[in-house]
2 protein chains.
Amino acid sequence: MPSQLLTAPFLLLSILVSSAASFEPLIQLPKAITTNDRKSNVDNEVFCASWHLSVETNNAGSWNKIPSRCLSFVQDYITSQRYVSDFEIVANFSLAYASSVEIAGDGKDAWIFDVDETLLTNLPYYQAHGFGSETFNETSWDAWVDLAEAPAMHASLKLYNELKRMGFKIFVLTGRSENQRNATGKNLMWAGFNGWERLLLRGPSDGGTPAIVYKSERRSVLVNEGYRIHGSSGDQWSDLLGFALAKRSFKLPNPMYYVG
Amino acid sequence: MPSQLLTAPFLLLSILVSSAASFEPLIQLPKAITTNDRKSNVDNEVFCASWHLSVETNNAGSWNKIPSRCLSFVQDYITSQRYVSDFEIVANFSLAYASSVEIAGDGKDAWIFDVDETLLTNLPYYQAHGFGSETFNETSWDAWVDLAEAPAMHASLKLYNELKRMGFKIFVLTGRSENQRNATGKNLMWAGFNGWERLLLRGPSDGGTPAIVYKSERRSVLVNEGYRIHGSSGDQWSDLLGFALAKRSFKLPNPMYYVG
């Protein structure tokens with residue numbers, strides 16, 4: 001215990017002193033990063049963890065690619081217990097909130113789920129495609145969707161079933177297109193999901209619409225039909241922001257890619 | 001300027017070293033977990049990192065206290081290079097966005113900063129008060145505010161100065177009360193901040209108003225005066241959400257306490 005007590009100040013000292021020298025540019029990137037350089041690895045770990053937090057809090061705004069120095073960070077994270085744990089904690093907070101909602105019994109209490117990296121994990125696909133570091137390839141992606149074998153995110157499946165049991169109507173709202181309806185429905189059922197109220201996909205007229213607008217428009221339709229959207233779960237801020245918002249939104253982690 | 005850059009770290013060091021002696025009783029580690037129990041520590045680390053992410057993404061919603069098993073996690077984080085790095089990355093994203101804003105030259109381009117755990121760090125105070133694990137004590141907090149010696153968050157100071165240089169009008173919007181105006185202004189200047197357009201504090205009529213409403217109302221006034229609020233930086237979601245929103249909001253990390 002005493003050794004722990006002394007660690008923090010000295011650690012902070014070394015951080016502060018070392019950062020004081022490189023204070024002028026906001027982030028002083030090491031000039032040359034070698035994998036043998038232990039300090040650089042530590043620096044990378046800290047930088048990438050900070051980058052990830054900024055992605056998850058939407059501070060990063062629109063972004064195209066994982067910073068190259070963070071490829072192994074993202075790979076480690078997405079295949080780690082942390083990723084599973086992050087989903088579990090979000091599911092716990094979602095469930096705690098859901099339990100506080102009074103279900104009216106008129107069948108109009110709704111919860112919205114996104115599909116990819118929310119209900120389902122495409123880890124097998126991204127594992128074979130650079131964990132989001134490669135440019136999006138529609139052909140290989142479509143082939144993967146047609147396989148209909150994306151596994152369930154376990155915490156989401158558990159949450160989904162609990163919400164259904166509590167009386168929420170489940171709406172599945174995905175950026176996948178209408179011609180992927182069969183494969184998507186098949187995949188969801190294969191992974192254990194069933195009993196959704198509606199599966200909403202991009203129709204031909206949604207073609208060029210940004211995800212945040214498309215999803216807001218679909219939520220608007222539900223609101224106009226009298227649904228009360230209590231909760232919304234998604235791995236992209238474009239699942240959650242815009243208009244016709246859910247009363248509470250739950251952001252699931254995804255450092256692999258950004259959808260605006 | 002260089003001397004100023006060096007002052008703060010050494011100041012912080014002296015605070016940390018002097019408080020280290022009274023460090024022992026402040027942190028209550030959970031009884032059941034011993035430092036020899038490696039698995040529990042790993043589990044705790046993962047759980048607490050997930051909890052922290054859910055706090056920062058607003059998944060946690062309103063919360064009162066750090067989970068007891070996460071006290072040492074929060075302590076380690078808040079005194080770590082990660083915390084400093086998290087601020088730097090957010091400042092970088094803020095600056096990248098600010099650079100994309102076209103400054104009209106009519107003096108109406110605005111940026112809003114919160115004070116506590118945004119421009120200033122109250123680490124010396126929280127270090128002596130359980131890192132947010134103790135119930136808020138107004139008397140000791142007011143005494144700390146009156147001292148007017150909360151250090152600058154370096155990344156925020158740099159961002160603040162850059163934004164000012166770019167032509168943004170800076171509004172400092174804090175939940176501190178009007179009778180702390182002098183101490184707050186004095187502290188900000190002591191920490192290196194100057195040239196703000198307005199320092200906005202809670203007046204007598206704001207007494208029981210939730211932070212999210214009070215801050216939205218103040219932003220509304222600015223919007224009605226013709227200001228374009230391009231950016232807003234704060235460590236609480238109540239700094240950033242509500243109405244009369246900034247075009248972009250930047251959430252700074254704070255796992256110590258929640259303000260609704």
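Q: How do strand 2 and strand 3 of chain A pair?
A: This is a predicted model. In it, strand 2 (residues 169–177) of chain A pairs with strand 3 (residues 198–202) of chain A in the parallel sense. The pairing runs over 4 bridges.

Q: Which residue of strand 3 stands opposite Phe171(A)?
A: Arg198(A) does.

Q: Stepping back, how is chain A divided?
A: Into domain 1 (2–74) and domain 2 (79–251).

Q: How many residues are in contact between those domains?
A: On the domain 1 side of chain A, 6 residues. On the domain 2 side, 5 residues.

Q: And what classes are on the domain 1 side?
A: The side of domain 1 of chain A that touches domain 2 has 3 nonpolar, 1 polar and 2 charged residues.

Q: Switching to chain B. What is the strand order in its sheet?
A: The order is 3-2-1-4-5. The sheet is open, has 5 strands and is paired in parallel.

Q: Which strands stand at the edges, and why is one side of each left without a neighbour?
A: Strand 3 (198–202) and strand 5 (248–251) of chain B. Each has a single partner strand, so one side of each has no neighbour in the sheet.

Q: How much are neighbouring strands turned against each other?
A: By 20° on average, ignoring direction.

Q: How many bridges join strand 1 to strand 4 in chain B?
A: There are 5 bridges between strand 1 (residues 109–113) and strand 4 (residues 228–234) of chain B. The two run parallel. One bridge pairs Phe113(B) with Ser233(B) in strand 4 of chain B.

Q: Where does helix 8 of chain B lie?
A: Across strand 2 (169–177) and strand 3 of chain B. Helix 8 (residues 181–190) of chain B runs at about 140° to strand 3 of chain B.

Q: What about helix 4 and helix 7 of chain B: how do their axes cross?
A: At roughly 10°. The axes of helix 4 (residues 81–100) and helix 7 (residues 154–166) of chain B come within 9 Å. The two helices are therefore roughly parallel to each other.

Q: Which residues meet there?
A: From helix 4 of chain B, they include Phe87(B), Ala91(B) and Leu95(B). From helix 7 of chain B, they include Ala155(B), Leu159(B) and Met166(B). By class, this contact has 8 nonpolar, 2 polar and 3 charged residues.

How values were computed:
Residues are numbered from 1 along each chain as its sequence is written. Chains are lettered from A and ligands numbered from 1 in the order in which they are written. This is a predicted model: local features need pLDDT of at least 70, side-chain atom pairs count only at pLDDT 80 or more; totals for chains, interfaces and linings use all residues. Axes are lines fitted to C-alpha atoms, for helices over the stretch in contact, and angles run from 0 to 180 degrees between N-to-C directions. Angles under 35 degrees count as roughly parallel, over 145 as roughly antiparallel, 65 to 115 as roughly perpendicular and the rest as oblique. Two residues are in contact if their C-beta atoms, placed from the backbone, lie within 7 Å. Ala, Val, Leu, Ile, Met, Phe, Trp, Tyr, Cys and Pro count as nonpolar, Asp, Glu, Lys and Arg as charged, and the others, Gly among them, as polar. Two strands pair if DSSP finds at least two bridges between them. Domain bounds come from an automatic or database domain assignment.
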